[in-house]
Amino acid sequence: AEDAPDGIDAQVWQQLLEKIGKWRGVVVCAEVADYVVMAVGNGEDAIEVVEDVKVSLAGSEAFQFFGEFPSDEVVSLCWWSKELSAASQKGVSYLPFFEGALEGLRGSKLERGEAMVEALNDFNHHWRSRRTGEPHDFTGVVLVGETVRLEGRGGWVGMGLDLRIPLKFPKAFSALKKVPFIRAHWKMNSEYVRHGQQQVGAGMRLLNLILEEVMEAMGDRAEGDQEEEEQMARWSRDLSKGLNDIWRGYREYFTTAFGLEGAFVMDLDGEMIPAIGVEEDLMEKGRIPRVAVIKPVVRRESLSESWDIWEKASTNLFGVLAETLDQPIPFPSTMTAEKDDLRTYFFPLPFATEDFLPSVSVSDDLYILSTSKGLSESLYEAALEEKGAENDPGGLWVEVNADQLWDFCGVWIDFFEDSRKAAEEIEKDELEKGEELVPRPGQFGADPFGDLFSDVEPELLRGWLDKLRVLRGARFHRSMEEGIPRTSVRVTVKR
């Protein structure tokens, strides 16, 4: 127990070691036709060999799943029990820091100790509730044909995602002019979202109680100084009101603005940021990632209400901060840009471009949190031109377009080569002039990247890249099929 890793409760660690100490791992291998069969169990009694296939694991309902696939494409099969699926989730619901804080608060002499324990109990309860799920026997198969496929049925079904209801939101992807590097879409379980909101509420209560306790202690230290006592009381009141207003805006308005579906998009085609010291050649050739998270909007007015409340609360909190530092700290003003009914909000930044401008874009139907205003507008336009089926199959979808990644890497290899040639030309000119404008390696300390890149030739990198281009992309889909989770991974390779 004394050797428990950092962040793990010593008692929990000891219980885990005791359970592991009772394990008696047994592995049985056999050759059946062209396959090697391996079984792993806890103790000899966990594995039973039978002669009649009909009463064996191979004759079970779970193994009928394998009959869906052509035998000549099967590379390997696997199965594990629902007990193992459940055991794989053990410990996920344990929060070392918060569980430890709970133990520390119990029996404390803090005036608000009991209320803190109650808030932290609620926080941990909702965390654990969000980690619940249902285990199933898992059956999986790897197939190699025109594509490489991993097909599975069963396993752990967590509370977070609703895998049953068909999706409407991802239709916009079909209208994008260029296929992004990564695109994903899903639908959250309403109970999971509800527990998350209540967990945030418990966290805000706890934060407020801690703040009140700290401000009261600071007020006690200022006892006898009437001006400082009044200042501490005012700060405590303003900070508490600010946190309560932020929570009220989140609870009453922000959480009611969205549907349960969501999407994530990442592409690698953004233009470089114009900044001092960035060469013009890099500006023209270089590319940067662009990322966006999208939610469907069901009540746009709720977003306006929540922002109005948060802006006033933040302004007051900045006022308290300015008073503590004895200098003005104004709350930064946002700027807006409009395109049809899409309004984009952002803070002004130096060197900002269409492809590098962290922003929030809102329309009657979409909420887009993005690093790129241009990407947000592209997604909005694609949503207006959606070409998908009326409802896409439900579940979690993740699609990866590897071609865009390889093109992105190729652009940066070209830039690396051009930069290296330019540096060599500069060094050559210096030597001819007998000058030393560029420091020698190690002159001002070790070069942290010298050993990594000094011997790497661009042609070698291109060779590696050409080999990787055999991988064209991948698609992951997880849904429900007759009450059982179904998983499919398809990897497309260049033949």
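Reader: To start, is F254 buried or exposed?

Author: F254 is buried, with a relative accessible area of 19%, where buried means under 20% relative accessible area, exposed means over 50%, and partly exposed lies in between, using a 1.4 Å probe and protein chains only. Please keep in mind that this is a predicted model, in which local features need pLDDT of at least 70 and side-chain atom pairs count only at pLDDT 80 or more, while totals for chains, interfaces and linings use all residues. Residues are numbered from 1 along each chain as its sequence is written, and side-chain values use heavy atoms, with hydrogens and water left out.

Reader: Which ring does F254 pair with, and is that pair stacked or edge-to-face?

Author: Rings of Phe, Tyr and Trp (its six-membered ring) pair if their centres lie within 6.5 Å, and planes under 30 degrees apart count as stacked, over 60 as edge-to-face and the rest as tilted. By this rule there are 10 aromatic pairs. Y250 and F254 make one that is stacked, at 6.2 Å centre to centre with 25 degrees between the planes.

Reader: And what about F258 and Y367, how do their rings sit?

Author: Their planes stand at 70 degrees with the ring centres 4.8 Å apart, so the pair of F258 and Y367 is edge-to-face. F258 belongs to the loop between α6 (226-252) and β7, whereas Y367 is in strand β12, so the pair ties together parts that are 109 residues apart in sequence. Helices (H or I, at least four residues) and strands (E, at least two) are DSSP runs here, numbered from the N terminus. Both F258 and Y367 are buried, and one aromatic cluster is formed by W247, Y250, F254, F258, W310 and Y367.

Reader: Switching to helices, how far apart are the end C-alpha atoms of α9?

Author: They are 17 Å apart, which agrees with the 16 Å that the 12 residues of α9 (residues 373-384) should span at 1.5 Å a residue; the expected span is 1.5 Å times one less than the number of residues.

Reader: Why would you call α9 largely enclosed?

Author: Nine of the 12 residues of α9 are buried, so the rest of the structure largely encloses this helix. Among those buried residues are L375, L379 and Y380. They pack against strands including β7 (261-271), β8 (287-296) and β12 (366-370), with contact meaning heavy atoms within 4.5 Å.

Reader: What caps the N-terminal end of α9?

Author: That is S372, which has a side-chain oxygen 3.3 Å from the backbone nitrogen of G374. At the start of α5, a side-chain oxygen of N189 comes to within 2.9 Å of the backbone nitrogen of E191. A polar contact is a pair of N or O atoms within 3.5 Å; within protein, one must be able to donate a hydrogen and the other to accept it, and residues adjacent in sequence count only if both atoms are side-chain atoms.

Reader: Where does W406 sit, and what does W406 touch?

Author: W406 is in helix α10 (residues 402-433) and is buried, with a relative accessible area of 8%. Leaving out residues up to four places away in sequence, W406 touches L465, L468, R469 and L471. W406 and L465 are 59 residues apart in sequence, yet 6.8 Å apart in space, C-alpha to C-alpha.

Reader: And N401, which residues is N401 in contact with?

Author: Apart from neighbours within four places in sequence, N401 is in contact with V179, P180, F181 and R472. N401 lies in strand β13 (residues 396-401), and a polar atom of the N401 side chain lies 3.4 Å from the backbone oxygen of V179.

Reader: Last topic, backbone angles: what is phi for D340?

Author: D340 has a positive phi of about 55 degrees although it is not a glycine. As background, most residues other than glycine have a negative phi. D340 lies in the loop between β9 and β10 and is exposed, with a relative accessible area of 64%.

Reader: Where does E482 lie, and is E482 buried or exposed?

Author: E482 is found in the loop between β14 (471-481) and β15 (484-493), and at 76% relative accessibility E482 counts as exposed. Phi of E482 is near 55 degrees, a positive value in a residue other than glycine.
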